[in-house]
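Me: Hi! I'd like to learn how to read a structure like this one. Could you walk me through it?

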Amino acid sequence: MNNYKALSDIALVALLKQDDEQALSALYLRYWDKLFSVACHRLNAPEEAEEVVQDIFFRLWENRHTLELKYTIATYLAVAVKYRIINLMDHLYRKRNRDAQLPDYSVLLSPSPEDYTFEKELRDQIENIVGRLPEKCRIVFRLSREEYLTNKQIAETLDISEKTVEAHMSKALRELKGSLAISAPGLLLFITGSNFFSK
C-alpha cells in the first residue's frame, strides 16, 4: 500500500479500471477525510455522512470499467458527494411528508373544519406540482418553504450561489402560479394573497 500512496490520481484511476482493489483503497484513504468533512458539514449527521462517503466509493468501484473523467478524480468525488447529499435530502423531505400525510402548509392556510377538503385538495395540488420540479429546484424550494432557510443559508447548504438559489425559486414559483392558474384560478388568487410567494 505504501507504493500506492506515492502514485498519482491518474495512475490510481488507471489501476482501478484494471480491477485493482488496492488502487481503490488508496483513493479512499486519500480523499475520505475531505469527503466526510463536506458531507458532515452539509448533513450535520456523522453517521449519514459516513454512509454517503461509503456509498460513493462503492459506486466508484461498481462503475470502474465505464468511468470517464472529464476533470480530476478529486472533482468527480466532490461532485458525487454534492449530488448524493441533494438526493438524500430530497428523500428525507419526501419521507417526512409521507409520514405526516400532508405537507405542513398550516402557516399559510387556516381552514375551518368545513374547509378541510378544500385545504387538502390545495395541499395535494401544491405537492404534486413541487414533486414535478427539477431536482435542484425542488430541493431549493423545500429548504425555503419547509425549512424556512434564507437564500444565503440555502446557498451555503447546497454550495451554490445566491443568484442560483433565486433562479430556482423563481422557476418554482412560476410553475406553481402557472399550474394553479390553469387548474384552479380561485386557489391561485387565494394563495397569492397570502405570504406564500412573498418570502
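Me: What is the mean pLDDT of the chain?

Reply: The mean is 76, and 73% of the residues reach 70 or more. Among the elements, helix 2 (residues 9-16) has the highest mean pLDDT, 92, while helix 10 (residues 185-192) has the lowest, 42.

Me: Where does pLDDT stay under 50?

Reply: The general idea is that where pLDDT is low, the predicted coordinates should not be read in detail. Here, one such stretch is residues 182-199, with 34 contacts in the model beyond four places in sequence. Residues 105-112 are also below 50, and that stretch has 16 contacts beyond near neighbours in sequence.

Me: Okay, on to aromatic rings. How many aromatic pairs does a search of the whole structure find?

Reply: In general, a pair of aromatic rings is described by the distance of the centres and the angle of the planes. In this structure the search finds three pairs. Take Tyr28 and Trp32: their ring centres are 6.4 Å apart and their planes sit at 45°, so we call the pair tilted.

Me: Why are Tyr28 and Trp32 separated by about one helical turn?

Reply: Because they are four residues apart in helix 3 (residues 21-43).

Me: And how do the rings of Tyr28 and Phe57 pair up?

Reply: Their centres are 5.0 Å apart and the planes are at 65°; planes over 60 degrees apart count as edge-to-face, so this pair is edge-to-face. The pair links distant parts of the chain, since Tyr28 is in helix 3 and Phe57 in helix 4 (residues 46-62), 29 residues apart. Tyr28, Trp32, Phe36 and Phe57 form one aromatic cluster.

Me: Is Phe57 buried or exposed?

Reply: Buried means under 20% relative accessible area. Phe57 has 4%, so it counts as buried. Tyr28 has 23%, so it's partly exposed.

Me: Which residue lies over the face of Trp61?

Reply: That's Arg64, at 3.8 Å from the ring centre.

Definitions and conventions: Residues are numbered from 1 along each chain as its sequence is written. This is a predicted model: local features need pLDDT of at least 70, side-chain atom pairs count only at pLDDT 80 or more; totals for chains, interfaces and linings use all residues. Side-chain values use heavy atoms; hydrogens and water are left out. pLDDT is the predictor's confidence in each residue, from 0 to 100. Helices (H or I, at least four residues) and strands (E, at least two) are DSSP runs, numbered from the N terminus. Contact means heavy atoms within 4.5 Å. Rings of Phe, Tyr and Trp (its six-membered ring) pair if their centres lie within 6.5 Å; planes under 30 degrees apart count as stacked, over 60 as edge-to-face and the rest as tilted. Buried means under 20% relative accessible area, exposed over 50%, partly exposed in between (1.4 Å probe, protein chains only). A charge sits over a ring if NZ of Lys or CZ of Arg is within 6 Å of the ring centre and within 35 degrees of the ring normal.
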